[in-house]
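This report describes one protein chain and its ligand for a reader who has not seen them before. Please look at the sequence and the structure first.

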Amino acid sequence: MPASVAVSAPALRVSLRGVGRTFPAPGGGLKPVLRDVDLDIRPGEIIALLGPSGCGKSTLLRLIGGLDTADAGALALDGTPIAEVDQRSAIAFQEPRLLPWRSIERNVSLGLPRGTDAQEGRDRVAELLRLVQLENASTLRPRQVSGGMAQRASLARALARGPGVLLLDEPFGALDALTRLTMQDLLLDIHSTEPATVVLVTHDVDEALTLADRIVLLGEDPAAPGTGSTIRSILEVGKPRPRDRADAALALLRADLLERLGVESHHTPNYVTAALRKQRQKVGDRPTASTDEPTRPHVF
Ligand SMILES: Nc1ncnc2c1ncn2[C@@H]1O[C@H](COP(=O)(O)OP(=O)(O)OP(=O)(O)O)[C@@H](O)[C@H]1O
Ligand SMILES: [Mg+2]
């Protein structure tokens, strides 16, 4: 096992209680974006956050990372309130955001905690570059590498401080479909070597089904438009990783998710839709899988 495990912080529990955020509305007044967000994320768990564009996914991720402050509720990592730009977590975005004049290696080193011993820092960066398979690209500039490589460098930079919580905002959203699949496998490898708690924002239902322990659907209550998004459903995937993408149980969850997201899928085979209906009748219109928050309404 690589030495990195020693420098990685242990995965942290994330607790969100009654979290709310409003922003100034363009025409004056305040626009509620998030309200009453309650969520407990177990240490080392991978959570996928899904919901319509503009529903507040990035806002929630920024709040967990301490890059923004909630105006209601409480947010904590392992019971300690989340601080401004909390050093216990790290965030990576859809664009790699690398400094073009620095080599890949030096970009990754930007993620090291302040005051890291020079030799230790070099060792850590070398090890991370191996982990994301960039050891042969360490001296290249960002413009000399592919989009997938740049995104791997961005992941390595986020991991450099050994975060207890890794926040990923559509990290593979700009990559082609094949590179995305490779990156998903890489993320699972990274997670087994550096087992942080992961919150992954994605628009890709299959990505969520491949990676997440639980899938959290964020959105507005259609009966209360304009009140801000909250958690509409939590689905437990309940399958060991790596997962067979063709698994029948995943097909059922996929159909369920698409329906909850309001996407009419003509690609869902009739037998899957029929199985979903049957299962819903059996469990009383609850999500396909169980949830650890039984008091929450489950219908998206
Ligand atoms: N700093 C800000 N000031 C004003 N409004 C903001 C600010 N940040 C976000 N918003 C608004 O909050 C809402 C949610 O934005 P957010 O970026 O969190 O959505 P999202 O779910 O990540 O969307 P997407 O899937 O398109 O990335 C949007 O209406 C956005 O305009
Ligand atoms: Mg976003």
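UniProt positions are given here in the numbering of this report, feature names are shortened, and annotations may be inferred rather than shown by experiment. With that in mind, the UniProt record, an unreviewed entry, places the feature "domain: ABC transporter" at residues 14-245. This is a predicted model, in which local features need pLDDT of at least 70 and side-chain atom pairs count only at pLDDT 80 or more, while totals for chains, interfaces and linings use all residues. Residues are numbered from 1 along each chain as its sequence is written, and chains are lettered from A and ligands numbered from 1 in the order in which they are written.

Over residues 14-245 the chain is 28% helix and 28% strand, and the end C-alpha atoms are 28 Å apart. Helices (H or I, at least four residues) and strands (E, at least two) are DSSP runs, numbered from the N terminus.

The shell around ligand 1 includes Phe23, Val33, Lys57 and Ser58; a residue is near a molecule if its C-beta atom, placed from the backbone, lies within 6 Å of it. Helix α2 (residues 57-64) gives the largest share of this shell, 3 residues.

Helix α5 (residues 147-159) and helix α6 (residues 177-193) pack at about 20°, with their axes 11 Å apart. Angles under 35 degrees count as roughly parallel, so α5 is roughly parallel to α6.

| Site | Angle | Loop |
|---|---|---|
| Arg241 to Pro242, cis peptide bond | omega near 0° | Pro242: between β10 (229-236) and α8 (248-260) |

Terms used: Axes are lines fitted to C-alpha atoms, for helices over the stretch in contact, and angles run from 0 to 180 degrees between N-to-C directions. Angles under 35 degrees count as roughly parallel, over 145 as roughly antiparallel, 65 to 115 as roughly perpendicular and the rest as oblique.
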